[in-house]
Amino acid sequence: PTGDETSEYPVGGSFLMSGATEVSHNTTHPITVTAYNSGSNLMTVTTSFDFTNAAGTPVVQGMVPLTGDEDDTFDWAVGTDAVDGTVLFLTNGKDKVRRFKGGVAVTDLVDIPTFTLGGNVVTRAKTVAVYSGSLVLGNYTDNALRPKNVAWSDSNDLDDFANGNAGSNLLTDSRGDIQYITNLADRLAIYSSDSIAVQTFIGGVGIFSFEKVVDDTRLLGPRTVANLGPYHMFASEENIYLFDGTRQIRAAGDKISRRYREQVDRGNGTKSFAYHDKARHLVYFCIYKSGHAVENKQHIIWRLEYDFYNSGGFNWTREAYTVRPRSMGLFSRPDTVRWNTASIDNVDWDDYGGSWAEGARRAGYPLRTTGGATEVYMHDDTSYTDDGTAVTSHWESKDFSSQVTKDYTSIISRWEEIEIELKGTQVDVTYSVDKGQSYHTAASAQTLTGPMRLYRFPIDKSGRTLRVRIENNEANGTFKMGGILRVWYRPGGAY
């Protein structure tokens, strides 16, 4: 994090913070990390280890033990209290709800002081949000379990649940326990296991109204909701859906639904999560698979590219990772790394991988990172190698169907040419006539020169469909496609 920002790592591994000076806190525990920066004071949170409050030096100021694990996922909310100023609230559904006000002592990580409802002390909550001047808790516990209840604080006093217009409400028609609450425009969306309700500010004595709007959602896990602002995207047990606050949800993942269903592990939904990269208009759905490996011992993430001006224009990409992502977030440096920077004073030039222009070295340049069990990986979209090793990348088209007329019902198409608009360094072009079971070469190490232009690749294969694959496996190499992909065919060839 840089400045007064928050970065969420739904589940992660070791984590490096940078503030006034670099602060490092590494652990081998699988962790959920919330990093909060208040001036020069930084704090991280781990699922199964501790709270760490560090202030601009490599010294851990204090710890508060936690008892959760990877399935006891963190939720957090930041709000401005009329008394305490800006406060970070944290919960994992198992330990006490905590607050952090930006101090440097462990005593700043304290229980909420007036955290009572009807005289009963609230001991924990599964999910939190700041909405319409109040801190809202979902699925909390006081003298009894309240899995279908929400509670809210007094207006503008985020940690006072005993006075003013603080209160609570039972969602009598909720289908399953409350899993996650988050803002949706001027309302608060309440995600239960198999339904969605909305909380609306109405003022007066009642202050809030509640209404269930959608059933049969089958939410995969509490961390699989991505808040895009005007609408949410969430992962269910069958598909990925869009919810905009109305009385219906719209399927957004039909293009990937078959493979998605094969990957979903319904018994481990808490290990799946969604991450929204707002700057790049991308949503990553990291869907946990039992046994971890999905394809060729790789872990698959579904990446969605969206367009606010075309809510039906969803472009999906399948990404493969050799280490299972337990977290995702953003990292940026407070200062640009230069040749004379003190932190690399003892590093030989030959040992310093990457280029000086890449984003990992720039100040204020947020980079996406993923956390494994013990390490954090940086995804630098300004670099095309992994410390000098080529990163294999490819793009695959849909299966084109031939438009053979009924006069040729016993004949399949003879595919003759592929036309693609490309630029970059070089590509391999292959194609499949059996829906991806096998591939044939159209061009190998095709050099791309100059600006975007049209390339033509002659082929000669018969089949009912044609799929085109473009790939780059060279170090520091890349390619970009234009708006044209054309395939040519004629009737001919026995099936």
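Is Glu-237 buried or exposed? With a relative accessibility of 16%, Glu-237 counts as buried. The legends below describe close-up views of a predicted model.

**Figure 1. A salt bridge joins Glu-237 to Arg-266.** The nitrogen-to-oxygen distance between the two side chains is 3.3 Å. Glu-237 belongs to the loop between β22 and β23, while Arg-266 belongs to the loop between α1 (257-263) and β25 (273-277), so the pair ties together parts that are 29 residues apart in sequence. Arg-266 has a relative accessible area of 43% and is partly exposed, whereas Glu-237 is buried. Side chains of opposite charge can pair when their charged atoms come close.

**Figure 2. The largest nonpolar core of the model contains 22 residues.** Met-233, Tyr-260 and Phe-285 have the most contacts inside this core. At least two core residues come from each of the strands β22 (232-235), β23 (240-243), β26 (282-286) and β27 (299-305). Strand β27 gives the largest share, three residues. Leaving aside residues up to four places away in sequence, Phe-285 touches a set of residues including Met-233, Ile-240, Phe-273, Ile-301, Trp-302, Leu-304 and Trp-316. In soluble globular proteins, nonpolar side chains tend to be buried together.

**Figure 3. Tyr-231 and Phe-308 form an edge-to-face aromatic pair.** The ring centres are 5.9 Å apart, and the angle between the ring planes is 75 degrees. Tyr-231 lies in the loop between β21 (225-227) and β22, and Phe-308 lies in the loop between β27 and β28 (315-321). The pair therefore links distant parts of the chain, 77 residues apart, with Tyr-231 buried at a relative accessible area of 6% and Phe-308 partly exposed at 31%.

**Figure 4. Five aromatic residues form one cluster.** The members of this aromatic cluster are Tyr-131, Trp-152, Phe-201, Phe-208 and Phe-210.

**Figure 5. Charged side chains lie over aromatic rings at Tyr-288 and at Tyr-455.** Lys-271 is placed over the face of Tyr-288, 5.7 Å from the centre of the ring. Over the ring of Tyr-455 sits the charged end of Arg-453, at 4.0 Å from the ring centre.

**Figure 6. Asp-194 and Arg-175 meet in a salt bridge.** The closest N and O atoms of this pair are 3.2 Å apart. Asp-194 counts as buried at 18% relative accessibility, whereas Arg-175, at 33%, counts as partly exposed. Both residues also belong to a network of salt bridges with shared partners, together with Lys-212, Asp-215 and Asp-216.

**Figure 7. Arg-414 and Asp-460 form a salt bridge between two strands.** Here the closest N and O atoms are 2.8 Å apart. Arg-414 lies in strand β36 (residues 411-424) and Asp-460 in strand β39 (residues 453-463), so the pair ties together parts that are 46 residues apart in sequence. Arg-414 is partly exposed, with a relative accessible area of 26%, and Asp-460 is also partly exposed, with a value of 46%. In the whole structure, 23 salt bridges are found.

**Figure 8. Asp-75 is a buried residue in strand β7.** The strand covers residues 75-81, and the relative accessible area of Asp-75 is 7%. Asp-75 and Thr-127 are 52 residues apart in sequence, yet their C-alpha atoms are 5.5 Å apart in space. Apart from residues up to four places away in sequence, the residues that Asp-75 touches are Phe-89, Leu-90, Thr-91, Lys-126, Thr-127, Val-128, Tyr-180 and Ile-181. One of these, Val-128, has its backbone nitrogen 3.0 Å from a polar atom of the Asp-75 side chain.

Note on methods
Residues numbered from 1 in each chain as written. Predicted model: local features only at pLDDT ≥ 70, side-chain atom pairs only at ≥ 80, totals over all residues. Heavy atoms only, no water. Core = buried A, V, L, I, M, F, W, Y, C linked by side-chain atoms within 4.5 Å. Buried < 20%, exposed > 50% of the residue type's maximum accessible area, 1.4 Å probe, protein only. Helix = DSSP H or I, 4+ residues; strand = E, 2+ residues; numbered from the N terminus. Contact = heavy atoms within 4.5 Å. Phe/Tyr/Trp six-rings, centres within 6.5 Å; stacked < 30°, edge-to-face > 60°. Lys NZ or Arg CZ within 6 Å of the ring centre and 35° of its normal. Salt bridge = Lys/Arg side-chain N within 4 Å of Asp/Glu carboxyl O. Polar contact = N/O pair within 3.5 Å; in protein donor to acceptor, adjacent residues only side chain to side chain.
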